[in-house]
Amino acid sequence: MKITKALFMTSNADYKKCPAPTCPEYAFIGRSNVGKSSLINTLCNNSSLAKTSATPGKTQLINHFNINDSWYLVDLPGYGYARTSKSIRGEFARIITSYIENRENLTCLFVLVDSRHAPQKIDREFMAYLATNGIPFVIVMTKIDKLSKKALAENVQVYKDIMLEEWEELPPMFFTSSLHKSGTEEILDFIEETNNIIKNEK
Ligand code: GTP
Ligand code: MG
C-alpha cells in the first residue's frame, strides 16, 4: 500500500472527543523518545506531520491522522518518562488507558521498542496489560540504524528468547529505521492486509 494522503485531524486528551470511529485505527505507543512520531512521519513521507523531538515527552495528546481517507493512524504520548512529575505521569497513563480500553475502532496497537535494548520491564508490563484486556498488538523495533546487522540479529534473538519465557507465542515483529526509511513497507502491508480482512468480514 502507498500512502497518498495523510492529514492531521485532531489532538485530544479525551478519547470521547476523538474523530467518529468510522474506520480501522492503528495507534503507535511505547516509551518516550522511542521514535513513534518519527516513524509516523516516515510512513507518511512527511517529516513535519507529527511533532518529534530529541527531548522525551514531546507528544502529550492523542493525535489522529486521516490516511488515504480509509484508516486512521494515531500518535500517542510515550509512557515511562521518569523526569515528568508523578501527577503528569498519572495523567498520561489515564489518557492512554482510557483510549485503549474504550476506543471501539482500535484495530491494532504498534508497541515500539528500541532495538538496542533487551525487553524492558515497563514494556513487558504494558504488553501483559494489553493481553489481559484482549487488545491486539504487534512489536516494532526502532532505530535499527544504530546497530550493525550482526548486533541487531543478536539483539532480536535475545529479545525473543526473553519474551518467550513469559509468552507462548510472540506477535508479529517489525524492524524499522526512520533515519534510513527502512521497515515501512512491511508495516504498510500488514495494515493493508488487516484492513482487507475487516472489509471482508463486513
Ligand atoms: P515522545 O513523543 O516524546 O514520546 O517521543 P517519540 O517516541 O514520538 O519519539 P520521536 O519520534 O520524537 O523521536 C525521538 C528522537 O529519536 C528524535 O531525536 C528522533 O530524531 C530520534 N529518532 C527517531 N527515530 C529514529 C531512527 O529510526 N533512527 C535514529 N537514529 N534516530 C531516531
Ligand atoms: Mg512523539
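Me: Which residues are closest to ligand 1, and how many surround it?
Reply: This is a predicted model, in which local features need pLDDT of at least 70 and side-chain atom pairs count only at pLDDT 80 or more, while totals for chains, interfaces and linings use all residues. Residues are numbered from 1 along each chain as its sequence is written, and side-chain values use heavy atoms, with hydrogens and water left out. A residue is near a molecule if one of its heavy atoms lies within 4 Å of it. The closest to ligand 1 are Lys36, Ser38, Gly57, Asp145 and Ser178, and the residues that surround the ligand number 22.

Me: Which atom of ligand 1 does a polar side-chain atom of aspartate 145 lie 2.7 Å from?
Reply: A polar contact is a pair of N or O atoms within 3.5 Å. Serine 38 has a polar side-chain atom 2.6 Å from an oxygen atom of ligand 1, and a polar backbone atom of valine 34 is 3.3 Å from an oxygen atom of the ligand. For aspartate 145, the polar side-chain atom lies 2.7 Å from a ligand atom, and that atom is a nitrogen.

Me: How do the residues of the shell around ligand 1 divide by class?
Reply: Ala, Val, Leu, Ile, Met, Phe, Trp, Tyr, Cys and Pro count as nonpolar, Asp, Glu, Lys and Arg as charged, and the others, Gly among them, as polar. On that basis the shell around ligand 1 has 4 nonpolar, 12 polar and 6 charged residues.

Note on methods. Chains are lettered from A and ligands numbered from 1 in the order in which they are written. A polar contact is a pair of N or O atoms within 3.5 Å; within protein, one must be able to donate a hydrogen and the other to accept it, and residues adjacent in sequence count only if both atoms are side-chain atoms.
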